[in-house]
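Hello,

Here is the structure we talked about. Please open it and keep it in view while you read my notes below.

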Amino acid sequence: MSVDNGTFRELMGNFATGCTVLTLPDESHHGMTANAVSSVSLDPPLVLVCVDHDTECYERLEGGADGYCLNILAEHQQDLGEFFADLTELAEDPFETRPTTTEATGAPVFEESIAYLDCSVEAAHEAGDHTIYIGRVESGGVLNGEDKPLLFFRGEWDGIADE
Ligand SMILES: Cc1cc2nc3c(=O)[nH]c(=O)nc-3n(C[C@H](O)[C@H](O)[C@H](O)COP(=O)(O)O)c2cc1C
């Protein structure tokens, strides 16, 4: 016996997270909002992200994309979080209008993010309707260490209160 989908979502919604946009090294750029992200190992430096089988991101990773970049979003980047979750439109493609660079894997790094982790795919483990992609962190950096993070809690965007 296990809890139903709605109950599970509600339970996990109580686990406050940061928010990332995962970008892929494909030539035709693609991004996906992701908060099922965790640190895995210090030595070697490994992270994980869980990707839904119903997403284009999954199709591209299964289709041969061999890396990803986790862009850790700042509070002022909520529009990117919404856009890459397919919740809202933007007037222009953020890959064209927002400052980006590339590092080890070639996946776009949004330079206004707080920090990024650029990873090669080390392993993939299917788990239910998601696949867990373990990434080896090839390069990374804190870009805007003074910015506050974008948070997600109980189905809502949130932030850290001002002191
Ligand atoms: C805050 C937030 C976090 C999300 N985290 C994940 C996640 O970790 N993994 C995932 O597969 N989808 C996650 N999603 C849903 C995807 O962002 C959404 O399905 C997206 O439209 C998939 O994009 P694609 O099909 O264009 O690749 C999240 C959505 C939101 C709003």
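Start with the ligand. Strand S3 (31-34), strand S5 (46-52) and helix H2 (56-62) each give at least two residues to the shell around the ligand. Helices (H or I, at least four residues) and strands (E, at least two) are DSSP runs, numbered from the N terminus. The ligand is surrounded by 15 residues, and the closest are Ala36, Asp52, Thr55, Cys57 and Asp86. A residue is near a molecule or strand if its C-beta atom, placed from the backbone, lies within 6 Å of it. Sorted by class, the shell holds 9 nonpolar, 3 polar and 3 charged residues. Ala, Val, Leu, Ile, Met, Phe, Trp, Tyr, Cys and Pro count as nonpolar; Asp, Glu, Lys and Arg count as charged; the others, Gly among them, count as polar.

Two points on how to read this. The model is predicted: local features need pLDDT of at least 70, side-chain atom pairs count only at pLDDT 80 or more, and totals for chains, interfaces and linings use all residues. Residues are numbered from 1 along each chain as its sequence is written.

Now the sheet. It is open, has 7 strands, and runs in the order S3-S2-S6-S9-S10-S5-S4 with antiparallel pairing. Its edge strands are S3 and S4, and each pairs on one side only. From one strand to the next, the twist averages 35°. Axes are lines fitted to C-alpha atoms, for helices over the stretch in contact, and angles run from 0 to 180 degrees between N-to-C directions. Two strands pair if DSSP finds at least two bridges between them.

- S4 and S5 run antiparallel and share 4 bridges. Ser38 stands opposite Leu48 in S5. A hairpin of 4 residues joins S4 to S5.
- S5 and S10 run antiparallel, with 7 bridges. Val47 stands opposite Gly135 in S10.
- S6 (residues 67-72) and S9 (residues 115-127) run antiparallel, joined by 6 bridges. Gly67 stands opposite Ser120 in S9.

Next, the core. Which residues touch the most other members of the largest nonpolar core? They are Leu22, Val49, Tyr68, Cys69 and Leu70, out of 32 residues. Strand S2 (20-23), S3, S5, H2, S6, strand S8 (108-110), S9 and strand S10 (130-142) each supply at least two residues of this core. A nonpolar core is a set of buried Ala, Val, Leu, Ile, Met, Phe, Trp, Tyr and Cys residues joined through C-beta atoms within 7 Å. Leaving out residues up to four places away in sequence, Leu22 touches Gly31, Met32, Ala34, Val49, Cys57, Tyr68 and Leu70. Contact needs C-beta atoms, placed from the backbone, within 7 Å.

Last, some backbone details. Most residues other than glycine have a negative phi, and most peptide bonds are trans. The peptide bond from Asp43 to Pro44 is cis, with omega near 5°. Pro44 sits in the loop between strand S4 (37-41) and S5.

Asp86 has a positive phi, near 65°. Asp86 lies in the loop between helix H3 (78-83) and helix H4 (94-97). Is Asp86 buried or exposed? Asp86 counts as exposed because 11 C-beta neighbours lie inside 10 Å. The cut-offs: buried means 20 or more other C-beta atoms within 10 Å of its own, exposed means 12 or fewer, and partly exposed is in between; C-beta atoms are placed from the backbone.

Arg154 also has a positive phi, near 50°. Arg154 is in the loop between strand S11 (151-153) and strand S12 (156-158).

Best wishes

Terms used: Two residues are in contact if their C-beta atoms, placed from the backbone, lie within 7 Å.
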